[in-house]
Each structure stands twice: as structure tokens, then as C-alpha cells.
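I opened the notebook today to look up how two of the chains meet, and then to follow a couple of residues one by one.

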Amino acid sequence: MSSQPENDWIDLLRDSRDEVIPAWTSVVEATLAGRMTTSELTNDIREIFDGLTAGDGRGSDIRAAAYDGLRALVADLGRTRARQGFSPTEAAVSIFALKTAVLELLENRADLAAYQAFAKLSRFVDDLGLYMFETYASARETVIAQQAESLLELSTPVVKLWDGIVALPLVGTLDSARTQVVMEALLQALVDTGSEHAIIDITGVAAVDTQVAQHLLKTVQAARLLGAECIVSGIRPQIAQTVVALGIEFGDIHTKASLSDAMLLAMRRSGLDVVSRA
Amino acid sequence: MTTSPSEASTVIEVRADSDVVRVRQSVRDFAMAAKLSLVDQTKLVTAASELARNTLVYGGGGEARVRILERTGVAGVEVVFADEGPGIPDVDLALTDGWTSGGGLGLGLSGTRRLVDDFELDTAAGEGTRISIVKWRR
Amino acid sequence: MERIPILRIGNMLLVSIQVDLQDHTALMLQDDLSNRIVETGAKGVLIDISALEIVDSFIGRMISTTAAVSRVLDAETVVVGMQPAVAITLVELGLTLSGVRTALDVDRGIRLLSRGIDDRARGGDVIRDDYLAE
């Protein structure tokens with residue numbers, strides 16, 4: 001047998017274009033359970049199919065320059081699937097289903113050469129699938145990073161309680177990165193609103209560790225440099241105990257049991273008194 | 001994966017008071033180009049200011065080299081200070097909080113180290129000092 | 001040679017630092033300020049640093065020393081307008097400028113100083129520090 005070009009599967013695909021594309025599409029479609037229309041899928045698949053069969057003698061290395069166009073298509077597919085929220089399996093099937101489609105086609109033929117070509121195609125499709133998966137994974141990471149960032153932004157609700165008094169109600173788990181972002185937002189709010197008093201309410205915070213306590217302390221010191229005073233309110237008994245057990249110096253931070261106590265203190269410091277009219 | 005910086009590095013001679021200001025301005029430019037947050041820019045510029053003054057006062061002058069780095073897709077700014085002064089005799093002591101060889105507030109190196117992500121110090125008595133600092137984009 | 005202008009407003013002195021400070025400019029300002037306090041008999045000094053993008057240990061020390069010197073000369077110093085990023089950096093650096101009073105802006109600085117000056121004029125030289133100092 002004379003040596004065949006590495007991508008002799010190209011003729012195999014070309015000869016059965018009208019059968020492979022629908023078969024490929026239907027295998028993919030079955031896994032996606034109606035989340036994409038048949039025509040969308042057919043378009044995607046036709047593009048990749050045409051990219052695969054675009055030229056002869058391009059070898060078996062998908063990283064070769066000859067496959068630049070194909071790789072771009074596949075990378076785009078990986079990114080799109082990641083953004084659409086498809087699972088890794090669902091994304092991978094888009095490419096690997098080609099093998100199923102071609103194999104179904106060959107089942108009715110007793111053609112050794114075609115099976116040999118299929119073996120090569122199979123290796124090539126594996127490489128292609130892995131390549132798509134890389135772009136899928138990195139696109140997913142980007143999505144996750146963006147979500148984490150927008151969550152951080154969501155979780156910095158600095159609210160104005162009174163003229164010159166702002167409050168930062170903290171809820172959930174405070175890690176070092178989040179505490180830092182939140183504290184920067186608080187200091188900026190003090191300057192932007194011209195407030196001399198800040199209340200950091202940690203009623204909704206599950207736990208405070210040494211690092212978070214350090215950040216709280218630093219924020220109080222930084223606020224003082226700006227010309228503002230902080231009060232920390234809503235320290236739960238367990239947190240008070242941890243703080244003491246960890247030996248964290250909280251001495252420099254003014255604390256109050258509840259947000260309303262802190263509010264009262266901040267108002268008094270602003271020269272205001274709350275009087276009952278009853 | 002570490003790739004070479006996309007932009008050329010800048011070298012600033014540190015021989016006079018006004019050079020400390022030039023180092024600050026150059027580091028600020030690079031920090032902005034690397035898209036560091038405002039707080040991180042300020043920390044890096046402040047650290048560079050401290051080290052530039054050390055280079056001038058204790059090292060008898062030297063140079064500062066600023067460039068943008070990239071590590072696993074994350075940009076950072078590196079500043080390297082080098083002088084051929086007397087060196088630091090006791091590095092551990094110099095990095096202790098509160099230590100100062102005089103004149104300062106005793107925050108010198110330990111405070112500066114807290115402002116940056118990477119801090120490397122090479123020194124030998126009589127052979128000068130080389131300090132490299134990096135701040136990575138968060 | 002660069003010199004930072006010192007303005008007199010009533011019994012207060014106002015300094016607004018608008019340039020990236022060289023060390024010797026900072027030292028000169030420190031000297032100029034103590035001279036002007038004595039010349040004018042000022043009771044308060046406002047240092048506006050809202051335009052400063054960084055405060056390193058040298059400038060921080062200049063501010064602390066100025067505050068201490070002016071106190072000896074019977075004048076209170078208030079630093080106004082520090083930027084949040086600068087404050088965060090100073091704290092990380094380990095400089096909390098203890099003994100230096102601060103205000104968000106010039107307006108509030110003037111109010112803070114006037115209160116202190118009035119109190120001292122009433123006899124005691126105790127400044128109402130009930131919550132500002134810990």
C-alpha cells in the first residue's frame with residue numbers, strides 16, 4: 001500500500017458531506033435537549049466541517065499554520081459554549097460527535113481503506129476536541145472571574161444613614177480580599193459624601209479571623225487619617241470570644257452591641273440628640 | 001509562563017533629591033499602564049519612593065529600573081534599585097519592624113516590604129545593595 | 001527654588017500642597033511654617049494635602065514634626081483632604097501620624113480648629129478631644 005497523506009480522511013468526509021453533517025448535528029442535538037435550534041447547530045457544524053475539508057495535504061498536526069482557520073472556528077465554539085453555560089460534556093460532544101456520525105456511515109460498508117482513514121480522522125478529532133476544550137476552560141475561568149468581581153461590587157453597599165453618617169452592613173463570609181475591597185469602598189464613600197462618621201455593622205458576619213480583624217483595624221486607622229471616625233457594631237458573642245481567644249488587639253476600635261447604639265453614638269458625636277416627644 | 005515585558009524598561013539615575021520624584025512619576029506611569037488599582041498604584045509608588053531615598057541617602061546614589069512583567073497572564077510592575085554603597089551589614093535587623101539606621105521613622109524596609117507583593121534583597125558589606133520589588137495586578 | 005506658599009486667614013495659616021514634594025521642599029516648608037507661626041501669632045495651621053498622590057515616610061515625618069513644633073508654639077495643626085488610597089498606604093506602611101489631627105476638607109478643618117481655639121481662649125488649653133483621641 002502506498003503511503004497515504006496524513007489527512008486522507010478528507011475524501012471520506014467530502015464524499016459523504018450530505019450525510020455526515022445531518023448525522024453529526026443530530027448526535028449533538030440529542031445531548032443538548034432543545035437548548036439550541038437545529039439550524040443554529042447545523043450552521044456551527046457546517047462551518048467546522050468545511051474548515052476540516054478546506055484543503056488537502058495539510059498533515060495531522062492541528063497546531064500547524066494550515067489549520068489556523070479551523071482552530072479559530074473551534075476556539076470560537078469552545079468560548080461560545082462556555083458563555084452559554086453548557087457543561088464540559090455538552091461542549092465536548094459538539095466535536096467528538098463527528099466520530100459517531102462517520103462510524104455510523106461506515107458500518108454498512110466493508111471498506112478497509114475507509115476504516116484506516118477513519119482511524120486517522122479519529123486521532124485528529126481527538127486533538128481538535130482537546131483544543132476546543134482548552135478554550136472552553138479558559139473562557140469558563142474568565143466568566144467565573146467576572147462573576148466574582150461583580151459579586152464583590154454587589155457586596156459593598158455603603159449606605160447613608162444621616163447627614164454625615166454612613167453605614168456598611170456586612171453579610172456573609174469575610175475573606176481577606178473581600179474585606180479589602182469593602183473597606184476601600186467605605187473610605188471612598190466617607191470622602192465622597194463628606195461624612196465624619198462610619199458604622200461598620202458585622203451582625204451578619206459568621207466569623208472573624210485575625211486577618212479580617214487586622215483589616216478592620218487598618219480601616220479604622222485609615223479613616224482617622226481622612227478625618228473620620230468608625231464604630232464597629234453587631235459583634236456577636238462568638239465573635240467577641242474568638243477575637244479575645246486569638247489575642248487580637250481590638251482596643252483601638254470603638255465597638256457597640258447594636259447598629260442602633262452605634263447610630264445613637266454617631267449622632268451624639270455629630271452634635272445631635274434624639275429626644276422623645278411622648 | 002514568564003514572558004518578556006511588552007514594554008521597554010526605563011532606567012532612572014538616582015543622584016539627587018529631584019530624582020526621587022522622577023522615580024515616583026515613572027513608577028506611577030508604569031503602574032497605570034499595567035492597570036494596577038489606585039490603591040495598589042499608591043502602595044507601589046510609595047514603596048519606590050522609600051527605596052529611592054534609601055538608594056540616595058544610604059547607598060550614595062545608584063539607579064532604579066522600572067518595567068512591566070507578566071506571569072501566567074497577570075501583569076505586574078517591577079522596580080529594581082541598585083547602588084554600590086556600603087551595603088547592609090545585618091539584613092535581618094534591617095528588616096525588623098522599627099529598625100532604622102537613623103533619621104527615619106524606623107519604618108524603612110519592613111514597612112516598604114508590606115506595601116508590595118514580592119520583595120528581594122541582595123546585599124553584602126562593602127559591595128552595594130540591590131532591592132527588587134514587584135506589585136501584581138489583582 | 002520651589003517654595004510652598006503659606007496663606008494667612010484670620011488667626012490661622014493655610015498651606016495647600018499642590019506639587020509632588022521634594023525632600024528639601026518639605027523641609028523648607030517645615031521651617032517656613034514655624035517662622036510664620038511666630039511672626040503672625042497664628043493659633044491654627046491647616047495643611048491641605050488633597051492634591052498629594054502619595055505620602056511617604058519622609059513627608060509623613062515632616063507633617064508629624066510640624067504638628068509637634070506648632071503645638072510648642074501654641075498653634076494646632078490639622079491635616080485635611082488626605083486621599084483614601086494614601087491613607088490605606090500610610091497605615092500599611094505603619095505610619096498612623098498619631099498626634100496629628102485630621103479633617104475631611106478645609107471647611108471642616110477650619111471648624112475643628114476654631115472650636116479648639118475658642119476653648120483655649122476660654123482659659124483652659126484643653127482641646128475637646130473626647131472622641132477624636134483614643
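Entry 1, the interface. I looked up the contacts between chain B and chain C in this predicted model and found that 23 residues of chain B are in contact with 20 residues of chain C, contact being heavy atoms within 4.5 Å. The area buried between chain B and chain C is about 2000 Å², with carbon and sulfur atoms giving 57% of it; buried area here is the accessible area (1.4 Å probe) that two parts lose on being put together, summed over both.

For the record, I note that residues are numbered from 1 along each chain as its sequence is written, that chains are lettered from A and ligands numbered from 1 in the order in which they are written, and that side-chain values use heavy atoms, with hydrogens and water left out. Local features need pLDDT of at least 70 and side-chain atom pairs count only at pLDDT 80 or more, whereas totals for chains, interfaces and linings use all residues.

I found a count of six salt bridges between chain B and chain C, a salt bridge being a side-chain nitrogen of Lys or Arg within 4 Å of a carboxyl oxygen of Asp or Glu. B:Lys43 and C:Glu92 meet through their side chains in a salt bridge, at 3.9 Å from N to O.

I listed the elements that give two or more residues to the side touching chain C, and they are helix 1 (17–33), helix 2 (38–57) and helix 4 (108–115) of chain B, where helices are DSSP runs (H or I, at least four residues) numbered from the N terminus. The largest share, nine residues, comes from helix 2 of chain B.

I then followed B:Ser49, which is found in helix 2 of chain B and is buried, with a relative accessible area of 0% (buried means under 20%, with a 1.4 Å probe and protein chains only). The side chain of B:Ser49 makes a polar contact with the side chain of C:Asp56 at 2.5 Å. Leaving out residues up to four places away in sequence, B:Ser49 touches B:Val20, B:Arg24, C:Ile54 and C:Asp56.

Note on methods. Buried < 20%, exposed > 50% of the residue type's maximum accessible area, 1.4 Å probe, protein only. Polar contact = N/O pair within 3.5 Å; in protein donor to acceptor, adjacent residues only side chain to side chain.
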